[in-house]
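User: I'm new to this one and would like to learn how to read it. Could you walk me through it feature by feature?

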Amino acid sequence: MSLSKAQKEIVEKLDLNKSYTLSEACTLVKDSSHVAFDASVDLSVRLGIDPKKGDQSVRGVVLLPHGTGKKKRVLVLCSSDKEKEAKEAGADHVGLENYLSKIEGGWLEVEAVVATPDVMAKLGKLGKILGPRNLMPNPKLGTVTSDVGEAVKKIKLGKIEIKNDKYGIVHASVGRVSFPIKKLEENIEEFMKTLIRLKPSSAKGLYLKTISLSSTMGPGISLNKTNWIT
């Protein structure tokens, strides 16, 4: 896709050797987006951890104050007595046996799965399907719970998972280019605060190595770590 004259000027002004303030980076990521849709704004943080060591893995959840701008389809796997609660909270799909069969058959038209503790034994056989897609319910992430209504509401409001990849990098969508700068800043601040809180006690040295902000198909913009150095 070709860039407009204004967009070309913005991209050309980007200094790849400079680390920008949060406000500057949010402004640039919005202005440099050149796709014809409301692009995702993504944050990538390279951590000073050894991803091969289990005690240095980083995993948790964060509730972004302004959500991601993307509606998540939620499946709740539960017994019949919890179905009404899940539906009233906004779950897109609710049930058990029928959905277990659909998933075995290849159906995965959801972005999050919540399950009650009493049905988890039945999900074991689906681990190879749900696990690689980060859809397996996990009590540490709040997706295995008897309070299915609250879990669904949080996901719908903008709760996302924080998890490092095999290279020790954490990736996350923190909004859309249509978001006001202030909302992007507040989402990123909340994400970073949570990420720092999740620092493994066994990780030594600099925890936050590099931080980059980008939009879909847009250039990566380096963020200054001054406010978050740990």
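Predicted model: local features only at pLDDT ≥ 70, side-chain atom pairs only at ≥ 80, totals over all residues.

User: How many strands form the open sheet, and in what order?

Analyst: There are 4 strands, and the order is 7-1-8-9, with antiparallel pairing.

User: Which strands stand at the edges, and what does that leave them with?

Analyst: Strand 7 (169–176) and strand 9 (221–222) do. Each has a single partner strand, so one side of each has no neighbour in the sheet.

User: And which helices lie across these strands?

Analyst: Helix 2, residues 22–31, lies across strand 1, strand 8 (208–215) and strand 9, and runs at about 35° to strand 8. Helix 8, residues 181–197, lies across strand 1, strand 7 and strand 8, running at about 155° to strand 7.

User: Let's zoom in on helix 8. Is Leu 195 buried or exposed?

Analyst: Think of accessibility first: a residue under 20% relative accessible area is called buried. Leu 195, a residue of helix 8, has 0% relative accessibility, so Leu 195 counts as buried. Leaving aside neighbours within four places in sequence, Leu 195 is in contact with Val 45, Leu 47, Val 58, Ile 162, Val 170, Tyr 207 and Leu 208.

User: How do I read disulfides, and how many does the structure hold?

Analyst: The general idea is that a disulfide is a covalent bond between the sulfur atoms of two cysteines. Here the structure holds 0 disulfides. As for cysteines, Cys 26 is buried, with a relative accessible area of 0%, and Cys 78 also counts as buried, at 1% relative accessibility.

User: What about empty space? What volume does the largest pocket have?

Analyst: Rolling a probe the size of a water molecule over the atoms shows where empty space is left. In this model, the largest pocket has a volume of about 710 Å³. It is lined by 27 residues, and those closest to its centre are Lys 72, Glu 111, Asn 134, Ile 160 and Glu 161.

User: Which strands supply the lining of that pocket?

Analyst: Strand 2 (59–63), strand 5 (112–115), strand 6 (159–163) and strand 7 each supply at least two residues. The largest share, 5 residues, comes from strand 7.

User: Now backbone angles. Which value does phi of Asn 134 take?

Analyst: As background, most residues other than glycine have a negative phi. Phi of Asn 134 is near 55°, a positive value. Asn 134 is in the loop between helix 6 and helix 7, and is partly exposed, with a relative accessible area of 41%. Met 217 has a positive phi too, near 65°. Met 217 lies in the loop between strand 8 and strand 9 and, at 59% relative accessibility, counts as exposed.

User: Last one: is Asn 138 buried or exposed?

Analyst: Asn 138 is in the loop between helix 6 (127–130) and helix 7 (148–157). With a relative accessible area of 18%, Asn 138 is buried. Not counting residues up to four places away in sequence, Asn 138 touches Arg 59, Thr 143 and Val 144.

Notes:
Residues numbered from 1 in each chain as written. Heavy atoms only, no water. Disulfide = S-S within 2.5 Å. Buried < 20%, exposed > 50% of the residue type's maximum accessible area, 1.4 Å probe, protein only. Contact = heavy atoms within 4.5 Å. Pairing = 2+ DSSP bridges. Axes fitted to C-alpha atoms, helices over the stretch in contact; angles between N-to-C directions. 1 Å grid on protein atoms, 1.4 Å probe; cavity = no way out; pocket = protein on both sides within 12 Å on 5 of 7 lines; lining within 4 Å. Points joined across faces, edges and corners; volume = space filled by probe spheres on them.
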